[in-house]
Amino acid sequence: MKTKTIILSALAMTTLHVSAQQISAKHEVIDCGNVAYETPVTVKFELKNSGHNALQINKVRTSCGCTSVDYPKNSIPAGDSFTLSATYDAQQMGHFLKDIGIYSNASDKPFFLSIRGVVVEEVVDFSGNYPYTLADIRSDLNNIEFDDVNRGDRPMQKIHIMNNSSQPLSPTVMHLPAYLSANVSPTTIMPGRQGTISIILDSKKLRDYGLTQTSVYLGMFPGDKVSPEKEIPVSAVLLPAFTEMTETQLANAPQVRLSEENLHFKMNGKSKKTESITIENVGRSDLDISSLQMFTTGLKVKLNKTRLLPNETATLKITVDSKALRGARTKPRVLMITNDPEKSKVVINIDVN
């Protein structure tokens, strides 16, 4: 059987034990990505004795007999690096997570490492294109949008990536806010090989309804520096909930109607231009416009009123700055959040010629 080997190249070291002998690891968890059934996968953990005295590994235990390990039997001088190899036999289909405990004179407790991945019948590479560049990585996306999110949802978006450099990379997603988490699989991507970034949104941690925007950055290794070429804008639209409304309340609810939801701007050589939209409340109670936001720079909005009585109208003016729009990664749009239970989210699309 062929053995797949993953070599770590990350630079950051994580220290767990404070004693005369210390074990530190570039990665405590290695994600193998997709592994072919009955094709053993071998990972190499790069470790170091970060203490002041010699380190002696007494024994290494694994969470099951399906994982075998190879490690130094001799003492490891202070400051020296060493490698522990672990091989998983891939005899069972599906997700796997295998723990490895290192027992040594560094601590009374074991130092734990883990390998994880998914055993599949056949490893199939992503067949799409990689039109975007994030430093040394090519990707199929360079921004993430979570649309129509309800409180409590945990949606996930994936970015397919390829190592476009001549060196192994250990990509990591940096500057994640509290409401986002991310995973890169596999942990290390060899030159010309593919991987996946999974970004998960925890909607419970979003503060406000409407649009929330941030930027995360794709480092080529843990501890990499932030730069514009590594930026991934992320937006999320959290919708208000109307599940508690009675049938009577729904029958008497406000109802929003727009004269246009797609605006076409013909600039004719001008750098700025303004168009107007009429907003009408055709419902039976007051319409509240609680949020009015832009997905991109280069847009300005002005609304003459945010509360409309039944049959009342308001005017929304949208100004486009074509120069500022040139660098936008996402399509220019205006988002409006209302208390209309049938149309709480209104998106006005902007087309600039």
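## Asp 288 and Arg 307

Asp 288 has a relative accessible area of 24% and is partly exposed, a class lying between buried (under 20% relative accessible area) and exposed (over 50%), with a 1.4 Å probe and protein chains only. Its partner in a salt bridge is Arg 307, with 2.6 Å between the closest N and O atoms. A salt bridge here is a side-chain nitrogen of Lys or Arg within 4 Å of a carboxyl oxygen of Asp or Glu.

Asp 288 belongs to strand β23 (residues 287-294) and Arg 307 to strand β25 (residues 307-308), so the contact ties together parts 19 residues apart in sequence. Strands (E, at least two residues) are DSSP runs, numbered from the N terminus.

## Basis of the model

This is a predicted model, in which local features need pLDDT of at least 70 and side-chain atom pairs count only at pLDDT 80 or more, while totals for chains, interfaces and linings use all residues. Residues are numbered from 1 along each chain as its sequence is written, and side-chain values use heavy atoms, leaving out hydrogens and water.

## Other salt bridges

The structure holds 11 salt bridges. One of them joins the side chains of Asp 202 and Arg 154 at 3.5 Å, N to O. This pair links distant parts of the chain, 48 residues apart: Asp 202 sits in the loop between β17 (194-201) and β18 (210-219), and Arg 154 in the loop between β13 (144-150) and β14 (156-163). Asp 202 is buried at 15% relative accessibility, whereas Arg 154 is exposed at 53%.

Asp 70 and Lys 73 also meet through their side chains in a salt bridge, at 4.0 Å, N to O. Asp 70 is partly exposed at 48% relative accessibility, and Lys 73 is exposed at 51%.

Conventions:
Helix = DSSP H or I, 4+ residues; strand = E, 2+ residues; numbered from the N terminus.
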